[in-house]
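Here is a short briefing on a protein structure. Look it over first, then read the points below.

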Amino acid sequence: MGDAWPSRLRRVFLRLHLVLAVVPLIYLASALGNTSTTGFRAERSLYPDGSYLPYQVRNFILRSWPGGRARGRVITIWGLADDPSHDEIEETTRSIRLIDHLVEESARLNLNLQLRVVSPLAEQAKQWLPAKVKVMSDPVAALQGAHGVMLACARPEYLAVSAETIAAGLRGMFFFDLTGKYDGGAIDRTGLHYMNYGPPIGPPWLDPELLEYTEYLRAKVPEGDGMLLIPVLPPESVAGRNRWFLFLNEQLLPRRLYLWRTEEATATSVQFRQWALDYREFGPWQETRRWQPAQREITGVRQTGPVRTLSAAERAAVEELDVQWVTFFRLNADFRFQDWETLPVATALAGGEESP
Amino acid sequence: MIAFLAAVVVLLLTSAIGAALLPRVDALLRSRWEGFALALVAGLALVAVAGTALLAAGCGFQVVEWVFLGGGVLALGVLARGSARLSAQWSGSDSTRAIQLRSARRGLFGDSGLSPHARALLLILGVGAVLASVSVPINFFDPLLHFAYKGKVLFHGGEVIDPALTALSKAQPDGGNEFGRMVTHPNYPFGLPLLEALCARLAGEWDARWVKLPLAFWSLCLPAAVHFGLRSVAPRAAALGALLTAATPMLYARDFLSNGYKEVLNAGVGHKPVLGAGADLPVAAMIATACALLLAARRQSVARARLAWIAGLCLGGAVMMKNEGLAMFGVVALALGLAGALIPRGAQRGAARASLLALLVAVACVVPWMSLRAELPAIDENYAEHFTPERIWHFLSGGDELVEKNPAVIAGQSDDLLANPPKRISLLPGYFLLEFVDVLSWGFLWILFFLCLPLSRSSLRDPDRRWLALAVLGAIACYFLILLVTPWYLPLLREKGIPERLLLHMVGPAAMLVAWQLSTRFQEDNSV
C-alpha cells in the first residue's frame with residue numbers, strides 16, 4: 001500500500017498532463033483562425049485594445065496648448081462609450097470621467113473650455129454630463145469652429161469622416177485619438193497634429209505610420225547610403241518600445257544608420273532610459289537653432305518641423321562616417337510623420353542658411 | 001512564391017544533409033517520423049555549426065551558401081544510393097530483420113507503440129505548430145531584432161565582422177566620435193540568422209515569413225527525438241515520452257489562457273510567443289535530440305560512434321542557437337561526469353567512450369564560434385563578469401534586489417521601492433516554484449519530473465537515469481545561479497518570461513526521464 005500511492009499519484013498527474021494537451025490544441029486552432037482573418041499577416045487588428053487613464057489624457061490635452069493658451073478652446077468629442085459595440089453608458093465610462101476631469105480643471109484654472117459631444121448615447125449620458133457640455137448629433141457639424149476633435153470611441157461613422165473633412169471643419173489644429181484607430185498618416189498629411197493618446201495597439205513595428213515612413217525612406221535613400229539620426233530634443237518618451245530607430249535600422253538594411261551612443265540606446269529598456277537621461281545632459285541642441293525646411297515631404301505639418309542645425313560633434317560625425325542623409329526626429333510614444341524629417345546631408349549642413 | 005520555394009529547398013537540403021549523417025535505417029530502426037525529425041535537427045545543427053566555422057575562418061557568406069548547396073546535393077546523392085541499396089537488400093526478403101524494417105517504415109509512425117488516437121494527436125500538434133510558426137511573418141522583438149537583423153546583414157553580403165554588427169558607439173572621454181551603428185545583442189550566435197539568410201539568398205529576396213520555414217519544425221521534432229531516444233529503453237517509454245513532450249503547452253505558447261479565455265482572440269500574435277523564429281525552442285530541440293542520440297549511443301552498440309558524434313553535433317548546435325546553449329552544454333557534460341557516465345570500465349566501457357566522443361565533438365563544434373564571439377562586442381549580458389563567488393554569496397546571504405535598475409525608480413517614480421528593496425533571494429525561489437506548478441505552461445511535466453526522480457536503489461544504479469536527472473537538475477541550478485547574479489532587476493526579467501523560457505531548454509531530457517521512470521513503474525505494478 002505504502003509503495004502504491006506514489007505510483008497512483010504519478011498516474012493521476014500523467015493523465016492530467018495528457019488532458020492538458022487541449023491547451024495547445026486550442027492555442028494552435030485559435031492562432032490559425034485569428035491570423036486567417038487578416039490573410040495571414042500580422043496586423044494591429046489582431047491585438048487587443050487597451051484603455052487610457054482619463055486624468056492622464058486630460059493633462060496631455062491641456063498641455064497641447066501650453067502657457068494658458070487652452071483658455072476658451074472648443075473641443076469636439078466623438079463618441080462616449082468605451083467600446084463601439086457598447087450601447088450602454090455609465091458614470092464610470094472613461095469618456096464621462098475624462099469630460100468630468102476636463103470640466104473640473106477648466107473651472108479650477110478658469111480656462112472656460114467648451115466641450116461638444118457627439119454620440120448616439122448622449123441622451124442616455126445626459127444625467128452624468130456637466131451642464132456646460134453641448135450635445136450635438138452630426139459629427140461633421142460639430143467640428144465647425146472647434147480647436148480640436150477628440151475621437152473617444154471608434155464607431156464606424158466617425159472613422160468614416162475623411163481627414164480632409166476634419167481639417168476643413170476645424171478651426172484649430174488638433175486631432176486627439178484616444179482609440180488609436182484613426183489613420184494618423186491621413187490626419188498628418190492634412191497638416192493637423194495627430195495626437196494619439198490611446199494605449200498602444202500591437203507591437204511598435206506594426207505602427208502604420210512607421211511602416212509607411214520606412215517605405216518612403218526605401219524609395220528615397222539608395223541602398224548603401226549612410227544616414228545620421230539626430231534626436232532634435234531629448235526623448236519625450238523613454239519607454240523601450242518606442243525606440244523607432246531600432247525598427248527603421250532593421251527594415252532599412254543595407255542602408256547604414258548611425259545614432260549617438262548606440263551601445264546604450266540599443267540595449268535593454270533600462271539602459272535606453274539611461275541613454276535618454278545622458279542625452280538630456282549632453283544637450284547638443286543647446287548650441288543649435290531650429291529651422292524650417294523649405295519643403296517637407298510625406299507630412300502636411302509645416303510649422304513645427306523637427307529640424308535643427310547640427311552641433312560641432314554632429315558635423316564631425318557627418319564627415320567621419322560618410323553619411324549622405326541626416327534624419328532629424330523627436331522620439332514620441334507614437335510614430336508620427338511630423339516628428340521625422342530626412343534631408344540630404346548638404347541641406348542639413350546648410351541649416352537653412354542657403355540653398356544647397 | 002519564389003521565397004517559399006527557396007525555403008522548401010533549404011528545408012529539403014538540410015534534412016538530406018542530416019539524413020545522410022544518420023546510420024542506415026536497417027542498422028538502426030526508426031520510423032519515418034523519427035527519421036525526419038532526427039535528420040532535420042541534425043542537419044540544422046550541422047549547417048549552423050559548419051556555417052559559423054566558415055564565417056569564423058573569414059569566409060564570406062557566399063562561401064557558406066555554396067558549401068551548403070554542394071553538401072545538400074552530395075547528401076541527396078548519398079541518400080539516393082543508400083535507398084537503392086536498401087531496397088535491393090531487403091525487398092522480398094522474409095528475414096526477421098526485413099520484417100522489422102518494413103514494420104518500422106510502415107506509414108508515418110511505423111512500429112511505435114502509439115495508439116491511433118495518440119498518433120492523431122501528435123500529428124495535429126506537430127503540423128499545427130509548423131503552420132502556426134509561419135502563419136505570420138516574423139513578428140516578435142527578439143526574432144526580429146536579435147536574429148533577423150543579423151540574417152539580413154549576412155543576406156546583403158556582409159560578413160560577421162561587419163560594421164553593421166560591430167560598430168556600436170559609446171561615450172568617448174576624449175571627445176571622439178560617439179555615433180555608431182545599431183545592433184541588439186551583437187554577440188548572440190549566428191545559427192538562426194544563418195539559416196534565415198540561406199533561404200533569403202536562394203530566393204534573392206528577404207521574405208520575413210518564408211525565411212523562417214526551416215525554423216518552424218522544432219515542436220514537431222521534439223517528441224519524435226524523445227521517442228527515438230527512449231526506443232532503447234522500452235516501446236512504452238518511447239510512446240509515453242513522445243506524448244508527454246507533445247502535450248506540454250510550453251512547446252507552443254507560454255501562459256496561454258492565464259488571463260482568461262479572451263486570450264483566444266489574440267492567439268498567434270500575443271506577447272508570449274514560443275513558436276516563430278525565437279531561439280529558446282531551437283535550444284530545446286537541439287538539447288533533446290542530443291540527449292536522445294546520446295542515450296541511444298550509450299544503450300546499444302549499433303552505430304554507436306556515429307550516434308555519439310551526431311549527439312555532439314547537436315550539443316554544438318544548441319550553442320549556435322543561443323548563448324544559453326553553451327551553459328546547457330556545460331550542464332550536460334557535468335551531469336555525465338557526475339553521474340559516472342564518463343568512466344570507461346566494465347560493461348559501461350562502450351557507453352562511456354561514446355559519451356566522451358560526443359563531448360569532444362561538441363567542443364570542436366563550439367571552438368570556432370567562441371573565437372568569433374571574442375571579436376564581437378557584448379552590450380549587456382556579460383554574465384561571466386558577474387559570475388563570481390563574492391557576488392553569488394552576496395545575493396545568497398540576503399543582498400538587496402537591484403531596484404536601481406527598475407524603470408520606475410530610474411524615472412524617480414518609486415521612492416518606496418528604492419528605500420525598501422526586497423532581498424533577491426526572497427524572490428527567486430518563488431519564481432521557480434511558480435513555474436513548476438504553472439500548468440498552463442507546463443502541464444504537470446515538472447511535478448511529474450520531481451515525483452519521478454530516480455531515488456530508488458535500482459534506478460540509481462543506472463548511470464543513464466542518473467545523468468538525465470542530473471542534467472535537468474543541473475540546468476535548474478545553473479539558471480537559478482545565473483538569475484541570482486543577474487545585473488538586471490529580477491522582477492522585470494520575470495515579466496519577460498524568465499525563468500520560464502530557460503526551463504524550456506530542458507523539456508526533452510525531463511520528459512525522457514519521466515517517461516522512463518513511469519514506464520518502469522507501470523511494469524513493476526503490472527508484474528505485481
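**Where the chains meet**

In this predicted model, 64 residues of chain B are in contact with 57 residues of chain A. Two residues are in contact if their C-beta atoms, placed from the backbone, lie within 7 Å. Local features need pLDDT of at least 70, side-chain atom pairs count only at pLDDT 80 or more, and totals for chains, interfaces and linings use all residues. Residues are numbered from 1 along each chain as its sequence is written, while chains are lettered from A and ligands numbered from 1 in the order in which they are written.

**The side of chain B that touches chain A**

- Several elements of chain B each supply at least two residues to this side, including α6 (141-155), α10 (235-246) and α26 (507-527).
- Helices (H or I, at least four residues) and strands (E, at least two) are DSSP runs, numbered from the N terminus.
- α5(B) gives the most, with seven residues.
- This side divides into 45 nonpolar, 11 polar and eight charged residues.
- Nonpolar means Ala, Val, Leu, Ile, Met, Phe, Trp, Tyr, Cys and Pro; charged means Asp, Glu, Lys and Arg; the others, Gly among them, are polar.

**Strands across the two chains**

- Strand β8 (residues 256-260) of chain A pairs with β1(B) in the antiparallel sense, over two bridges.
- Two strands pair if DSSP finds at least two bridges between them.
- W260(A) stands opposite F179(B) in β1(B).

**The sheet in chain A**

- Six strands form an open sheet with parallel pairing, in the order β3-β2-β1-β4-β5-β6 (chain A).
- β3 (134-136) and β6 (193-196) of chain A each have a single partner strand, so one side of each is left without a neighbour in the sheet.
- Three bridges join strand β2 (residues 114-118) of chain A to β3(A).
- V117(A) has V135(A) in β3(A) as its bridge partner.

**Chain B as a whole**

- Chain B has 26 helices and one strand.
- Its C-alpha atoms fill a box of roughly 80 × 60 × 50 Å, taken along the principal axes.
- Of the 528 residues of chain B, 54% count as buried, with 20 or more other C-beta atoms within 10 Å of their own C-beta, placed from the backbone.
- Among contacts in chain B between residues at least 6 apart in sequence, 77% join residues at least 24 apart.

**A helix pair in chain B**

- R424(B), L428(B) and F432(B) in α19(B) meet F480(B), L483(B) and L484(B) in α23(B).
- The residues of this contact divide into five nonpolar, no polar and one charged.

Key: A residue is buried if 20 or more other C-beta atoms lie within 10 Å of its own, exposed if 12 or fewer, and partly exposed in between; C-beta atoms are placed from the backbone.
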